[in-house]
Every structure is written in structure tokens, then in C-alpha cells.
Amino acid sequence: MSATSLPGRARVSVAIVLYNSRATIGRCLSSLYRRCGEPLEVVVVDNASPQGGLAGLAREFPQARFIFNRRNLGFARAVNQAAAQAGGKFIFLLNPDGELVNDAPGLLADFLEGRPGAAVAGPRLVNPDGSLQTSAYRFPTLAQTAAHLFRVKEALPPVRLRRIAPAWLGGLVGQLNLHDRAQEVDYCTGAALMIRRPVFERLGGLDERFFLYYEEKDFCLRVRQAGLSVWLAPEAVVRHEIGVSSESVPELATLARYRSMLAYFAKHQPGRLAALRVLLRAGAALRHGLSGLAGRGEEARTWRRVFALAREGGR
């Protein structure tokens, strides 16, 4: 049976936030209606995409409800907008560069219904070529941040290490986790994430101080602090093409990432904030130098701005 969009009757409400995503959103919506075997409520929020060409989507997909913002309100605020319009028992966050491989919304909802203490569940994500994409992680630490800033992950590709890493190490490092069994995790990426609606409302939705990035880390941490659990449910599968929206505005996305990183540590690990700022300045200086040597002027300018952001404390 093909899914339809029936507000008030749907078990699952899907929240999709757009920003310059015209190339992928059609495939995303088509997969929802093709793969899901139950009624869906779909709410799409466009955050004032400058590329345009999105108004025709409402005619192409009349089953969905569309909200067109006059300015970019950020991901967290747009998700909260969509959730306020939705009526399902579950809220499924889905990036517009995501495409269902199977009935992931139904499988994730079933998964949570079978576990009363579970509040959030994420699917197995795969790259367009079908290879595994990391979707379950541990909460951020200074060591993780250093590995990112100083390009350790690029020197040690997870796809190789994942094959030889012991299971216990996969439990500590998300990139080394095989994602091959249902398991409780710290958090799953917000690219595709199922949340019990009562929990979403009780926790006040996503924290809107996170304009882009880190909102799912913060939310899952608050879920766990409330005594509930977050799970990876790999039976549900979503194909995800990373960075379609962010790559259209790379400087905005990079600055938003580090501004949100600073906000996350200020909120949850204030004792480590000063060390993070030092680390971020060092990493930004390195990245600036490498970009300059490679002749990537715009990228070097972005890293100068990240350095200033860290020095100013994220303002």
C-alpha cells in the first residue's frame, strides 16, 4: 500500500527542512510516498532558499504541507516549526538529501513502540554507493574535536579500520562501529531521526540556540539525562548524500558548525570551554595555513573567521 499524507490519522509525522535542496528533495519525498506502508503526515519547511525553484514542489506533492519562511531561521527552529504543525505520535526528522531504502519510518516507530524506555531511534545510513555511513556516535569530547581539527580521521580512514577494530572499540568510537545490530548509543545523527512526540514536547523541542549542527547531540543528551534511551536500529535504512545544503554555502555552514560546538560545550561542559577555544584556535590556524598553501583563498578566509570566532567565545 502506498503512503498518503493524512493529518490527524498518521502515526508518524515527517519533518523536512530545506535550504537549497531542489536537486534532492524530489527524490526524498518520492521515496517517502513509495516506501512507507502506512499513512504519513509530511511537513516541509523551506528556510528561504536563495536558489529558488521550490514553490513548484507544493503542486508536485500536494499530499505534503509546505511552510515557506521569509528568512533562514536555522535548522532547529524550522524543525520546531514543523513539529508544531504536526500531529503524529512520532516525529521523524529527515534531511532533504535522504532517501528511504525501505520503510524506515514504520520500522523505527515499531522499534520504539516495542521499547517503552526508548525515546529516540536512528536508522542505518548508507552512502549513495551503498557503503556504510556513520550515524551513531559518542557525545563530543575534546579528543574527538582534536581528531577532527587536525585531520586524524583523514589519515586513518574509518572504512579500513572498521574491518579490524575489536567490538569494544567500535562501542567507543562511532566511526568504527559496524552498525550491524540494534544497540543503545549516545546519539544518532539528525539526518534521519525518529523521536517520540511526547518526549519532544516535554523537552521543549530542539534548542534553537543551535542554528545548524549539534542540535541532535544536545537533544539526545537531554533525553538521556531524563532517564530515557537513544538507539541505533539498523533494520531501518536510509540512503544519505552528505552536505547537499551545506556545500551550497560552505562558509555559513563552517561558521555555524563551530559556533554550535562552542555553544554545546558552554551548555554541557563549561569547564572545558576554555580548552576548546584554545584547541579551536590552533586547529583553525593550521587549516588556514594549509588552505593558503593550496591556493584556496576563500577557504583560508573562512578559517580566519573561525579563529576569530574561537577567540571571541562564539559570538
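**A covered strand and its partners**

Modeller: Strand β11 (residues 192-196) is mostly covered, with five of its five residues buried; buried means under 20% relative accessible area, exposed over 50% and partly exposed in between, with a 1.4 Å probe and protein chains only. Strands here are DSSP runs of E with at least two residues, helices are runs of H or I with at least four, and both are numbered from the N terminus. The model is predicted, so local features need pLDDT of at least 70 and side-chain atom pairs count only at pLDDT 80 or more, while totals for chains, interfaces and linings use all residues. Residues are numbered from 1 along each chain as its sequence is written, and side-chain values use heavy atoms, with hydrogens and water left out.

From β11, A192, M194 and R196 point one way, whereas L193 and I195 point the other way; all are buried.

Next, the pairing. Two strands pair if DSSP finds at least two bridges between them. Strand β4 (residues 90-94) pairs with β11 in the antiparallel sense over five bridges. Within that pairing, F90 stands opposite R196 of β11. Strand β6 (residues 118-126) also runs antiparallel to β11, and two bridges join them. On that side A121 stands opposite M194 of β11.

R196 counts as buried because its relative accessibility is 18%. From R196 to F90 the separation is 106 residues in sequence, yet 4.6 Å in space, C-alpha to C-alpha. Leaving out residues up to four places away in sequence, R196 touches K89, F90, L112, E113, R115, P116, A118 and A119, where contact means heavy atoms within 4.5 Å.

N80 is found in helix α3 (residues 75-85). Its relative accessibility is 14%, so N80 counts as buried. Apart from neighbours within four places in sequence, N80 is in contact with F200, G205, L206 and E208.
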